[in-house]
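My entries follow in the order I made them.

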Amino acid sequence: MSTNGSSTVEIDTDLFVTVSGPPGCGATTLCERLSDAMGCPYVSGGDIFRELADDRGVSLNQLTAQADSSDEIDRALDSRLQSIAEQWGASSKPFILESRLAGWLAGDRADLRIWLDAPEDVRLERINDRVETEAEMRVREVSEAGRYQSYYDIDVTDREFYDLHLNTARWSKAGVFTLVRAAIEEYDPEVDEGAFTTPAVDP
């Protein structure tokens with residue numbers, strides 16, 4: 001769980017926001033700034049995955065390999081994230097959940113579901129200083145997509161599920177934040193209420 005220090009920008013809201021997207025999409029940067037502005041914590045699926053690796057005494061690559069061969073790792077991760085979503089969804093307090101399946105796991109508890117993306121070359125440039133290599137990133141994306149389809153019948157390429165879909169290569173970091181801030185501040189729960197019901201995900 002992460003929080004940040006003071007900010008000159010504040011967002012007065014009690015929304016539960018989910019942020020999803022592939023590696024290098026800019027989700028972490030956006031979540032850190034939103035957390036600061038909304039004065040709330042956020043939980044990252046990546047942080048929970050690292051906790052699982054630490055709990056098992058293995059590296060991230062080893063845990064990823066285990067996830068490819070068994071559904072136990074994915075279901076443990078998703079179960080933790082879903083429990084967090086249930087806790088914060090019932091609190092009526094602002095909160096941010098970030099993971100590839102955050103919107104699906106949060107279900108109808110989420111007020112605003114955001115998908116971030118960018119062309120592959122842009123995303124690769126953004127992650128060039130990370131431990132994960134280009135090849136590992138591509139393998140992970142394909143592997144995860146297949147597992148989500150197999151376990152939950154979720155098509156991660158389906159963007160109609162999300163309330164806001166942004167190509168983060170089109171704007172600066174500040175620009176992406178400004179767009180999302182506007183969406184949060186203009187959010188009206190009575191507009192098209194009930195138009196979309198989140199399919200159940202049962203880790």
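**Helix packing and salt bridges**

I began with the contact between two helices: G45, I48, F49, E51, L52, D55 and R56 in α2 meet E72, I73, A76, L77, R80, L81 and I84 in α4. By class, this contact of α2 with α4 holds eight nonpolar, one polar and five charged residues. I note that the model is a predicted one.

Next I looked up the geometry of this pair. Helix α2 covers residues 45–56 and helix α4 residues 72–89; they pack at an angle of about 125°, and their axes are 10 Å apart. At that angle α2 is oblique to α4. I recorded the crossing of α2 past α4 as right-handed.

Then I turned to a second pair, helix α1 (residues 27–38) and helix α8 (residues 173–185). Their axes come within 10 Å and cross at roughly 50°. On the α1 side I listed T29, L30, R33, L34, A37 and M38, which meet K173, A174, V176, F177, V180 and I184 in α8. The contact of α1 with α8 divides into nine nonpolar, one polar and two charged residues.

**Charged pairs**

How many salt bridges does the structure hold? I found eleven. Side chains of opposite charge can pair when their charged atoms come close. I went through three of the bridges.

The first entry is R50 with D47, whose side chains meet in a salt bridge at 3.3 Å, N to O. Both R50 and D47 sit in helix α2, three residues apart, which is about one turn of the helix. R50 has a relative accessible area of 43% and is partly exposed. D47, with 25%, is partly exposed.

The next entry is R80 with E51, a salt bridge of 3.6 Å, N to O. This pair links distant parts of the chain, with R80 in helix α4 and E51 in helix α2, 29 residues apart. R80 and E51 are also on the list of residues where α2 meets α4. R80 counts as partly exposed at 31% relative accessibility, and E51 counts as partly exposed at 35%.

D117 lies in strand β4 (residues 112–117) and R159 in the loop between α7 (134–152) and β5 (164–167), so the pair ties together parts 42 residues apart in sequence. Is D117 buried or exposed? With a relative accessible area of 18%, D117 is buried, because the cut-off for buried is under 20%. R159 has 24% and is partly exposed. I also noted a network: salt bridges that share partners join E51, D55 and R80.

I finished with D74, which lies in helix α4. D74 counts as buried at 3% relative accessibility. Which residues does D74 touch, not counting those up to four places away in sequence? I listed A67, R147, Y151 and Y152.

Conventions. Residues numbered from 1 in each chain as written. Predicted model: local features only at pLDDT ≥ 70, side-chain atom pairs only at ≥ 80, totals over all residues. Heavy atoms only, no water. Axes fitted to C-alpha atoms, helices over the stretch in contact; angles between N-to-C directions. Helix = DSSP H or I, 4+ residues; strand = E, 2+ residues; numbered from the N terminus. Parallel < 35°, antiparallel > 145°, perpendicular 65-115°, else oblique. Left-handed = near helix turned anticlockwise from the far one by under 90°. Contact = heavy atoms within 4.5 Å. Nonpolar A, V, L, I, M, F, W, Y, C, P; charged D, E, K, R; others polar. Buried < 20%, exposed > 50% of the residue type's maximum accessible area, 1.4 Å probe, protein only. Salt bridge = Lys/Arg side-chain N within 4 Å of Asp/Glu carboxyl O.
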